Amino acid sequence: MRVNQQIEVSATHPYSIFLGASLEDLGQYLEQKIGSSHHLLIITHPTVGEYYLQRLLKGLSAFQYDILYVPAGEEEKSLEQLSALTSEAVAYGADRHSAVLALGGGVIGDLAGFFASIYMRGIPFVQIPTTLLAQVDSSIGGKTAVNHPAGKNLIGSFYPPLAVWTDFSTLQTLPWEEVQNGLAETIKHAVLGDAELFLFLEDHQQEILDRVPEIYRELTIHSLQVKVKVVSEDEKEKGQRMLLNLGHSFGHALETEAAYRGITHGQGVSIGLIAAAYLAEARGLINAGEVQRIFSLTKGLGLPVSVQGKDPNTLLHLMEADKKNKNGQKILILPDSIGHALVVRDAQDEEILRSWEKVITK
């Protein structure tokens, strides 16, 4: 098998992240890991399938497989789509000896992973992330979920994959908006846990905009290592793993308000990161110079730093559904320097509203 690097993730069921792996070689790994008697359910969406399905299938000649297509879009992370997948799987004769291959970005990974976690009370699955966001973030850590009108990712489970199989060549076909989704998470990882990564992003902004493959390979590896370290220490989000939600309490409120259609996850995170930085500055946790660096890098990579025409009170209300909250108290993640963040358990509505007002334009 052609693998450039292998990183181990500690979990209830430990697994490996294979970096620089070839899609064509996944079949060989699966034959060694679970045997070719497993029936494979390949869950993807048509555009990803058009680009990469044939490469994946080249290595799966020893397996029986069926392909389940999911339309693109965050709104497809739904109970309705979960039910549709279940009906298809039953029609294909999938049983407890089947396994799921999630070929796609964050939506496919979250949806297919949650489906695998509950179908026949749980069958194995492999994350095959094809987007930058999925490679640096959503494919790692075992979180799987679907959305609900009341909030993002409210229905889900912790379910570690059998492996994460990352072929960097899939980044070459991504539209720029999809690249930006991943860059938002990379900036977030740098702010909360890797000051050197933040400096790397600052120093290589033009190469990032020019989509230089070597730069993306390096930023991807360093970014995902931040997440691997955190989730290996706190698999079920009992403590430090909450740090990975920096910017997400704000961002998820924006996504929910837009019914998962008007704003991408990366855009929500980037705006949320700026709002969190403003709140941290108001509390005296971080200085104005570092807030400006976060703002400048985010804007310099083409990510939004504000949103137009939103009602801050509506967004504040939507933040009440955040899974980190406890006993009615809003819990936020705030940076206290570039490279470090902390959990704030006494966030007040007034200061949250002021932070929203700073990122909302008319």
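This is a predicted model: local features need pLDDT of at least 70, side-chain atom pairs count only at pLDDT 80 or more; totals for chains, interfaces and linings use all residues.
**View 1. The whole protein chain.**
The secondary structure of the chain consists of 14 helices and 13 strands.

**View 2. Helices α11 and α12 in contact.**
Helix α11 covers residues 265-282 and helix α12 covers residues 288-300. Their axes come within 10 Å and cross at roughly 170 degrees. Angles over 145 degrees count as roughly antiparallel, and α11 and α12 are therefore roughly antiparallel to each other. On the α11 side, the contact is made by Ser-270, Leu-273, Ile-274, Ala-277, Tyr-278 and Glu-281. On the α12 side, Ala-288, Val-291, Ile-294, Phe-295 and Thr-298 take part. By class, the residues of this contact divide into 8 nonpolar, 2 polar and 1 charged.

The structure holds 1 cavity of 30 Å³ or more. The largest cavity has a volume of about 40 Å³. Val-9, Ser-10, Ala-11 and Tyr-15 are among the residues that line the largest cavity. Gly-141, Gly-142 and Pro-160 also belong to this lining, as do Val-231, Glu-235 and Arg-241. The lining of the largest cavity has 5 nonpolar, 3 polar and 2 charged residues.

Notes:
Residues are numbered from 1 along each chain as its sequence is written. Side-chain values use heavy atoms; hydrogens and water are left out. On a 1 Å grid over the protein atoms alone, a cavity is a set of points where a 1.4 Å probe fits but cannot get out, and a pocket is an open set with protein on both sides within 12 Å along at least five of seven lines; lining residues have an atom within 4 Å of a point. Grid points are joined across faces, edges and corners, and a volume is the space filled by probe spheres set on the points. Ala, Val, Leu, Ile, Met, Phe, Trp, Tyr, Cys and Pro count as nonpolar, Asp, Glu, Lys and Arg as charged, and the others, Gly among them, as polar. Axes are lines fitted to C-alpha atoms, for helices over the stretch in contact, and angles run from 0 to 180 degrees between N-to-C directions. Helices (H or I, at least four residues) and strands (E, at least two) are DSSP runs, numbered from the N terminus. Angles under 35 degrees count as roughly parallel, over 145 as roughly antiparallel, 65 to 115 as roughly perpendicular and the rest as oblique. Contact means heavy atoms within 4.5 Å.
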